[in-house]
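Open the model in your viewer and keep the sequence panel beside it. This tour gives a selection at each stop and says what is there.

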Amino acid sequence: MSVRRALLAVFTLSTLVSAVQAADEVVVYSSRIDELIKPVFDAYTAKSGVAVKFITDKEAPLMERIKAEGENTPADLLITVDAGNLWQAEQMGILQPMKSSVVDANIPAQYRAASGAWTGLSLRARTIVYSPERVKDGELTTYEALADKNWEGRLCLRTSKKVYNQSLTATLIETHSEAKTEEIIKGWVSNLATDPFPDDNSVINAVAAGQCDVGIVNTYYFGRLHEQNPDLKAKLFWPNQQDRGVHVNLSGVGLTKYAPHPEAAQKLVEWMTSAEAQNIFADANKEFPANPKVKPSAEVASWGEFKADSIAVEVAGKRQAEAIRLMDRAGWN
């Protein structure tokens, strides 16, 4: 075979391989439910021709599954909620750094892992919900102030077992120190109107029903309930606007360590952080886009603008173990 023919054969083979690779499906393990992510994947497939296969489950089983599958995993990406979970996945060794100037340009550094192992896709504020009938103007100020005596018997909280509260506590430790945060959490526990609830919906409904006056919840839970009941007797309040701002967390995605199709997976991630995809991803669950160039939906925007805490969200993972121990000591069940 001549050199020219050999080069032509190599070129033809590489072109075919590239075509096959481009058509490869991307496999996603997701702790987000089907109805929240399927519209995003369907839109990407329509645009790119790349099929997206996804499996949904709780975050812990998915992470353990990826770890057990090792080099044989079919998963290219892990999508889950809360920086604490993403940080945990990184510590388990099941993610790999993804170098992307596109993602870096679309998502602020505070919503990405410093290592590049994961990035945020949508944001949620964990803020205060209150009764406009029983809370006076000016009464609410900060998360910390909910430990004051005037809130005794008026506060509702979700269980400390949920990562959302662990992450909030972790950022309080980062801000105030462990000793000061323990004092705050003990104050919250002393002010509880009833035992902690299993979920945020129950907290909001308890506030609306008069069982308590204030609670701490993720904004999208409020959005869902308000959509079902526009006359919901509860409103959102943005605390700490005179200092660090509202605690913000995220849902995000990481590239698995042994991703079979890393290039195709990265292209999907880059598209999900783009303006084209951000509203689809955020609107489905009444969240805020992680890309600051994209505006939230009209409903989410109607809750009002707020100053967000600028702390890097991966702190939620780094201090998670401390937060759990502290919450146990404080009696937050």
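Select Leu 78 and Gly 254: Leu 78 stands opposite Gly 254 in strand 8. The model is predicted, so local features need pLDDT of at least 70 and side-chain atom pairs pLDDT 80 or more, while totals for chains, interfaces and linings use all residues. Residues are numbered from 1 along each chain as its sequence is written, and side-chain values use heavy atoms, with hydrogens and water left out.

Now widen the selection to strand 3 (residues 77-81) and strand 8 (residues 247-255). Helices (H or I, at least four residues) and strands (E, at least two) are DSSP runs, numbered from the N terminus. These two strands pair in the antiparallel sense over five bridges; pairing requires that DSSP finds at least two bridges between two strands.

Which way do the side chains of strand 3 point? Leu 77, Ile 79 and Val 81 point one way, and Leu 78 and Thr 80 the other. In a regular strand the side chains alternate between the two faces of the sheet. Five of the five residues of strand 3 are buried (under 20% relative accessible area, with exposed over 50% and partly exposed in between; 1.4 Å probe, protein chains only).

Next, select helix 3 (residues 59-69), where the buried residues are Glu 59, Leu 62, Met 63 and Ile 66. They cover an arc of only 95° around the axis, so they are on the same side of helix 3; the arc is that of the directions from the helix axis to the C-beta atoms. The buried residues of helix 3 pack against strand 1, strand 2 (52-56), strand 3 and helix 4 (83-91), with contact meaning heavy atoms within 4.5 Å. Gly 70, which follows helix 3, has a positive phi, near 55°.

Then turn to the aromatic rings. How many aromatic pairs does a search of the whole structure find? There are eight. Rings of Phe, Tyr and Trp (its six-membered ring) pair if their centres lie within 6.5 Å; planes under 30 degrees apart count as stacked, over 60 as edge-to-face and the rest as tilted. Select Tyr 44 and Trp 271: the ring centres are 5.3 Å apart and the planes at 50°, so this pair is tilted. Tyr 44 and Trp 271 are both buried.

Finish with Phe 222, Trp 238, Phe 288, Trp 303 and Phe 306, which ring pairs link into a cluster.
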